[in-house]
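Visitor: Can we go through this one together? I'd like to ask as I look.
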Amino acid sequence: MIIRLITFLLYLKYVNRLFSKEKAETANIFLSTMHAYYTTLVSLLYLMNISIIVPYYPEIIFLSSYFAAHDIYIQHKYKFKSRVSLTIHHLLIIFGLYFLLNHYNNDVPKITLVAYNYLTEISTPFLNKSIMLYNQKMHHHINYKISSVLLLLTFFSVRVIGGLYFIYLASFQPFILLCAQISLTSLNYIWFYKLILMMRKNT
């Protein structure tokens, strides 16, 4: 517990150096992208049954909760538009990771469900790139169009279609975990609907 607290404080110390009022959104996108690469990679390695990852996966993936907790603070400090939905999303992550590490760290079906959920982060880099290009008024550029298509494809496959499978897996777990999974997947459906509206607006 003490080691985790020290690690979290070190994370805050160095990450907060990235943020200022002028650079908040860029720093947030950078951290979000790094978090997406990290969680997708380690979760994929776990699902591939890579021996060096499997025994330590709950501890390794718990680092994601540091990002989630800090991002809640950043979202509200700088009043980002998606702060409410992202706060709900991050609280669900922290809730799930807490129970995984402290109560279910040897429960393979629950760990596997968490790993599957983290594969959804594969769509995040495309989302972040699209946001950056849009903010730079490059939404008519070919790079924006390619990034947007990849975003829709990955988001639909892993978050919309995959989300249904995750709910199916969660249906064999305690009811509270099923409710958490339905809530997480529902957020993804809302975000996908907003993505479609945004894409239509910019075409």
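Visitor: What follows H2?
Guide: Asn49, whose phi is positive, near 60 degrees, follows H2. Helices here are DSSP runs of H or I with at least four residues, numbered from the N terminus. This is a predicted model, where local features need pLDDT of at least 70, side-chain atom pairs count only at pLDDT 80 or more, and totals for chains, interfaces and linings use all residues. Residues are numbered from 1 along each chain as its sequence is written, and side-chain values use heavy atoms, without hydrogens and water.

Visitor: How many cavities of 30 Å³ or more are there?
Guide: The count comes to 1. A cavity is a set of points on a 1 Å grid, over the protein atoms alone, where a 1.4 Å probe fits but cannot get out; lining residues have an atom within 4 Å of a point.

Visitor: How much space lies in the largest cavity?
Guide: About 410 Å³, where a volume is the space filled by probe spheres set on the points. Of its 22 lining residues, the closest to the centre are Leu92, Gly96, Val114, Asn117 and Leu184.

Visitor: Which helix gives the most to that lining?
Guide: H5 does, with 8 residues. Helices H5 (83-103), H6 (108-118) and H9 (175-201) each supply at least two.

Visitor: New topic: at what angle do H5 and H9 pack?
Guide: At about 150 degrees, with their axes 10 Å apart. Axes are lines fitted to C-alpha atoms over the stretch in contact, and angles run from 0 to 180 degrees between N-to-C directions. H5 and H9 are therefore roughly antiparallel, the word for angles over 145 degrees.

Notes: On a 1 Å grid over the protein atoms alone, a cavity is a set of points where a 1.4 Å probe fits but cannot get out, and a pocket is an open set with protein on both sides within 12 Å along at least five of seven lines; lining residues have an atom within 4 Å of a point. Angles under 35 degrees count as roughly parallel, over 145 as roughly antiparallel, 65 to 115 as roughly perpendicular and the rest as oblique.
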